[in-house]
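Colleague: Walk me through this one, please. Start with whatever term we need.

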Amino acid sequence: MSYQTITLYSDANFFSPYVMSAFVSLTEKALPFSLAPINLSAGENLQAAYGLLSVTRRVPTLVIDDFQLSESSAISEYLEERFSSPEYARIYPQDKQERAKAREVQAWLRSDFMPIRAERPTEVIFAGLRLPPLSDSAQQSANKLISGLERLLSDGRKNLFSEWCIADTDLALMLNRLALSDVALPESLRKYASYQWQRPSVQQWRALSQH
């Protein structure tokens, strides 16, 4: 399917894990796109002009010609379906069951672990913010995450499945909220997160956030 322009609306600081997920998806697909930063602190996303682009008035929002879509997992799934021909890299597993599990991981990360997200915001990752030790509730949340991943990654694998997928980037970010703030993690999870963080598309996002 042809298109003329692609724009990804982002937070102005490039700290959003959800914008990062959409950015990595576009980059892995090798789709040329432009970034349009939105100042969330100034409420720019709440203004009428942005409301015309995003029903949710959140970032990320993807605009391809006259089509607009918000919510990072919806964006990644749409990109996979729209740009599915062989010249575009896959960002989800080809196997149906593995693809379903990747979406399960993504949904889990987005709907759970609020204490971790509250006490270890992405400024810990992208701005070097130092924070006190986790509260009991955040540590319990971290323990839940670690326990859930033991079956998936305890064997030392570098990717969740046979090949990289966008769920790997999302999961590595959640783990790095802990790993990069001196929270104890099993070595297999620490190595997994470190390996995923070196992916070129992730490094491109990190370069934006460090400006």
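Modeller: A charge sits over a ring if NZ of Lys or CZ of Arg is within 6 Å of the ring centre and within 35 degrees of the ring normal. Bear in mind that this is a predicted model.

Colleague: Which ring does the charged end of Arg103 sit over?

Modeller: The cut-off for the distance is within 6 Å of the ring centre. The charged end of Arg103 lies 5.3 Å from the centre of its ring. That ring belongs to Tyr92.

Colleague: Which strands stand at the edges of the open sheet, each with a single partner strand?

Modeller: The sheet has four strands with mixed pairing, in the order S2-S1-S3-S4. One side of each edge strand is left without a neighbour in the sheet, because each has a single partner strand; these are S2 (34-38) and S4 (67-70).

Colleague: In what sense do S1 and S3 pair, parallel or antiparallel?

Modeller: Strand S1 covers residues 6-11 and strand S3 residues 61-64. Thr7 stands opposite Val63 in S3. Four bridges join the two strands, and the sense is antiparallel.

Colleague: Which strands does helix H1 touch?

Modeller: Helix H1 spans residues 17-28 and packs on the sheet. Its direction makes about 155 degrees with that of S1. The strands touched are S1, S2 and S3.

Colleague: How many residues apart are Phe15 and Phe126?

Modeller: The two form a stacked aromatic pair, 6.2 Å centre to centre with 15 degrees between the planes. Both are buried. Phe15 is in the loop between S1 and H1, and Phe126 is in helix H6. The separation is 111 residues.

Methods: Residues numbered from 1 in each chain as written. Predicted model: local features only at pLDDT ≥ 70, side-chain atom pairs only at ≥ 80, totals over all residues. Heavy atoms only, no water. Pairing = 2+ DSSP bridges. Contact = heavy atoms within 4.5 Å. Axes fitted to C-alpha atoms, helices over the stretch in contact; angles between N-to-C directions. Phe/Tyr/Trp six-rings, centres within 6.5 Å; stacked < 30°, edge-to-face > 60°. Buried < 20%, exposed > 50% of the residue type's maximum accessible area, 1.4 Å probe, protein only.
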